[in-house]
Each structure stands twice: as structure tokens, then as C-alpha cells.
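Morning, everyone, and thanks for coming.

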Amino acid sequence: MGTPISVRLADPLPRRHLAELADEVFDWFREVDERFSTYKPDSEVNRFDRGELSIEDCSADLRLVVEACADLWRETDGYFDAYATGRFDPSGYVKGWSVQVASDRLLAAGCGSHWLNAGGDIRARGGPRPDEPWRIGIRHPWQPDRVCWVLGGTDFAIATSGTYERGFHVVDPYRGAPATALASVTVVGTDLGRADAFATAGVAMGAAGLHWLAGLADHEVGVITEDELSFRSDNFPVVVPFGVPDETARSVLAEPTGFPASRPH
């Protein structure tokens, strides 16, 4: 899918079984890449886009993705638009969706403590050790060796969309031009496909996305704007980094809770 994928399985299962589970996860991602890659001319998604496949002739997975993208288009007032670039490109949903499917399969297989990371979009369950939550650093938009937040939890999906790695690649579908106002949007929920789409939609909305994201039900949000202001919702799961005193943590993660907030450090 044009991005690195990492898997960590933390359950005390036999090593051979863990290796088999990991192989199954990567087999799934290879299947997704073959079907949904917009870079491969003969992928199913490209054949559908060119009209070589009708929706009835598509796989169950592609039909599900087409339907989900239509639902998300309605939920985001058209800002999550799989056709924003002039062709059908569901990548803003597929990456998160495929990681969510992999996580659900691991849970069903008895591996309840795991962490999956596809290009910064993360689905985490359980923890690295008993009674310890996962701690996930959210990269600072302009300082790649620092984080702006560290999030903690035992069952969450974290999706971040922004401009700092791929430039202004998210298109505002109403203007037909790249969205530039928000440098980083992080959405936390329990379904990574939806969180991924909401993060993309928030970036596409620009400054107006702050109000829309603040009212997003059942999700928590952290935003950094291009003019270096940071915002986060009241229950955004920020934690003190493991082993770091409170005073040091505040100097690294200093910004008050809620909308609006202060400049990131």
C-alpha cells in the first residue's frame, strides 16, 4: 500500500503460533495491496474505476469499500470524497479499514494484545505487558525527532492525516484545490477505517474542520494548524510518557485541554 506496516503481538502464546498469526496478517495486507493499489494498473480498484468491472462483478471487499465511502461522504458533508482527485481512489479509507480487519481477526484468533501500525495509522488492543497500556507517540509536524502528544490506552484506533510527509496531498473537494490550513489531524476511536476517513475529512475542511471535529461523536481529536496552534478535545487520551516526570512531560507536551489551545512545543 506504499507504506511500511509493523505488527507487534504481545500475548504469551507459543512462538510458532505467533509467527503463524503474523504471517496471516501480512498475507492479508498483500491481498489488500493487490486489490486496492491505485499504482497497479490491473488492480481490481483500477479496473472498477476504468469501468472494466461493474459493481456486481466486484469482490465482496470492494463492494463493501464502495458502500462505506458513500456513507462517509454523507457523514462528512462531502469532504471525505473518494472521487476528489477525479477518479475513484478509496485509499483514505482502505488503509485504516484493512488494519481494523487484521486486528479483528487477531482478536478472534485469541490474540487480544497487539499493535498494528500502517504508516502512522494504529489499531492497538490490550497492552505490551499485563496491566500496562500501549503508549503511542504522535509525531510533531515540523520536528520529526519529537512528538507533540503521547496517547495511551488498551483498546483504540488512532489515525493521523497531515501535510508534513506527503505535502498538501488532501484535496478540498469543493474548491478542487489542496487543503492547507491544518498541518496534522489525529482522530481516536475504535474503528480505524472510520477514524482514518474522519481525519482526512478534517484536513480537507481546513479551518472549518476545527468545529466539525470538535463535535464528532464517539471520537477524540487532536489538531495542529499550519500557523502553529494546537487543539484537543477534552478526553483526548494524552498520558505522561513512561518513566518521565510530570514536570518534564508538561514542557514537552504543553498545551491546555480543549478548543482552542496554545502553540505546540
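Predicted model: local features only at pLDDT ≥ 70, side-chain atom pairs only at ≥ 80, totals over all residues.

T200 sits in helix 5. Is T200 buried or exposed? Its relative accessibility is 16%, so T200 counts as buried.

Let me step back to the whole chain for a moment. The protein chain has seven helices and 11 strands. Of its 265 residues, 48% count as buried. If you take contacts between residues at least 6 apart in sequence, 61% of them join residues at least 24 apart.

Now to the nonpolar cores. Which residues touch the most other members of the largest nonpolar core? That core has 53 residues, and the ones to look for are F36, Y93, W97, V185, V187, L213 and V223. Helix 5, residues 192–205, gives the most to this core, with nine residues. There is also a second, separate core of 14 residues, and W149, L151, I158 and V188 are among them.

Not counting residues up to four places away in sequence, F36 touches V45, D61, L62, V65, P90, V94 and W97.

Helix 1 covers residues 15–36 and helix 4 covers residues 91–108; they pack at an angle of about 150°, with their axes 10 Å apart. Because angles over 145 degrees count as roughly antiparallel, helix 1 is roughly antiparallel to helix 4. Their crossing is right-handed. Who makes the contact? From helix 1 we have L21, V25, W28, F29, V32 and F36, and from helix 4 we have V94, W97, S98, V99, V101, A102, R105 and L106. Sorted by type, the residues of this contact between helix 1 and helix 4 come out as 12 nonpolar, one polar and one charged.

Helix 4 has another partner to show you, and that is helix 3. Helix 3 and helix 4 pack at an angle of about 120°, again with a stated axis separation of 10 Å. That makes helix 3 oblique to helix 4. Helix 3 passes helix 4 in a right-handed crossing. On the helix 3 side, D61, L64, V65, A68, C69 and L72 meet Y93, V94 and W97 of helix 4. The residues of this contact between helix 3 and helix 4 divide into eight nonpolar, no polar and one charged.

One last stop, at S59. Where does S59 sit? You'll find S59 in the loop between helix 2, residues 44–49, and helix 3, residues 60–75. Leaving out residues up to four places away in sequence, S59 touches R35 and E44. The C-alpha atoms of S59 and R35 are separated by 9.1 Å, with the two residues 24 apart along the chain.

That's my tour, and I'm happy to go back to any view you'd like to see again.

Terms used. Residues numbered from 1 in each chain as written. Heavy atoms only, no water. Axes fitted to C-alpha atoms, helices over the stretch in contact; angles between N-to-C directions. Helix = DSSP H or I, 4+ residues; strand = E, 2+ residues; numbered from the N terminus. Parallel < 35°, antiparallel > 145°, perpendicular 65-115°, else oblique. Left-handed = near helix turned anticlockwise from the far one by under 90°. Contact = heavy atoms within 4.5 Å. Nonpolar A, V, L, I, M, F, W, Y, C, P; charged D, E, K, R; others polar. Core = buried A, V, L, I, M, F, W, Y, C linked by side-chain atoms within 4.5 Å. Buried < 20%, exposed > 50% of the residue type's maximum accessible area, 1.4 Å probe, protein only.
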